[in-house]
Amino acid sequence: MSSAASIARLRDGCRVWALGALMGDDRALEGLAQVLVARWQPGDRLVVLGNMLGATGNPVRTLDLALGLRRRLLATPRTHACDIVFLRGAQ
């Protein structure tokens, strides 16, 4: 058994945004991403809770949008890769 921790800790910051299971709903993610980008502030964190795939909408586009959101947030000042976490879900 590995001695490495299986749970990581987010750096101290302002707000933690949690993006729940979208089950492939690309239109919902598109709307959420617009709001999130508009409200994102330096020091904020994002945790994507998994279950991005599913029967609703377009799952491939959902994944593309999620990765595009990550890139867009990483382009903001004082945001680091460790501030955005994607967790695995069942789908």
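1. Let me start at L29. Leaving out residues up to four places away in sequence, L29 touches L19, L22, M52, T62, L65 and A66. Keep in mind while reading that this is a predicted model.

2. L29 also turns up in the largest nonpolar core, which has 13 residues. The residues with the most contacts inside that core are L19, L29, L36, L46, M52, L69 and L73. As for where the core comes from, α1 (26-39), β2 (45-48) and α2 are the elements that give two or more residues to it.

3. Next, the helix pair. How do α1 and α2 lie relative to each other? Their axes come within 9 Å and cross at roughly 10°. Angles under 35 degrees count as roughly parallel, and α1 and α2 are therefore roughly parallel to each other.

4. Which residues make up that contact? On the α1 side I'd look at D26, R27, L29, E30, A33, L36 and V37, and on the α2 side at R61, T62, L65, A66, L69, R72 and L73. Sorted by class, the contact of α1 with α2 has eight nonpolar, one polar and five charged residues.

5. D26 and R61 meet through their side chains in a salt bridge, at 2.8 Å from N to O. D26 sits in helix α1 and R61 in helix α2, so this pair ties together parts that are 35 residues apart in sequence. Is D26 buried or exposed? With a relative accessible area of 8%, D26 is buried, since buried means under 20%. R61, at 28%, is partly exposed.

6. R61 has another partner. E30 forms a salt bridge with R61, and the closest N and O atoms are 2.9 Å apart. Here too the link runs from helix α1 to helix α2, so E30 and R61 tie together parts that are 31 residues apart in sequence. E30 counts as partly exposed, at 31% relative accessibility. Through shared partners, the salt bridges join D26, E30 and R61 into one network.

7. The salt bridge count comes to four, and one of them lies elsewhere in the chain. D44 forms a salt bridge with R15, the closest N and O atoms being 2.8 Å apart. This pair links distant parts of the chain, with D44 in the loop between α1 and β2 and R15 in the segment before β1 (16-19), 29 residues apart. What about burial? D44 is buried, with a relative accessible area of 1%, whereas R15 counts as partly exposed at 32% relative accessibility.

8. Last stop, D83. Where is it? D83 is found in the loop between α2 (59-74) and β3 (84-86). At 0% relative accessibility, D83 counts as buried. Not counting residues up to four places away in sequence, D83 touches R11, D44, R45, L46 and R78.

Key. Residues are numbered from 1 along each chain as its sequence is written. This is a predicted model: local features need pLDDT of at least 70, side-chain atom pairs count only at pLDDT 80 or more; totals for chains, interfaces and linings use all residues. Side-chain values use heavy atoms; hydrogens and water are left out. Helices (H or I, at least four residues) and strands (E, at least two) are DSSP runs, numbered from the N terminus. Buried means under 20% relative accessible area, exposed over 50%, partly exposed in between (1.4 Å probe, protein chains only). Contact means heavy atoms within 4.5 Å. A nonpolar core is a set of buried Ala, Val, Leu, Ile, Met, Phe, Trp, Tyr and Cys residues joined through side-chain atoms within 4.5 Å. Axes are lines fitted to C-alpha atoms, for helices over the stretch in contact, and angles run from 0 to 180 degrees between N-to-C directions. Angles under 35 degrees count as roughly parallel, over 145 as roughly antiparallel, 65 to 115 as roughly perpendicular and the rest as oblique. Ala, Val, Leu, Ile, Met, Phe, Trp, Tyr, Cys and Pro count as nonpolar, Asp, Glu, Lys and Arg as charged, and the others, Gly among them, as polar.
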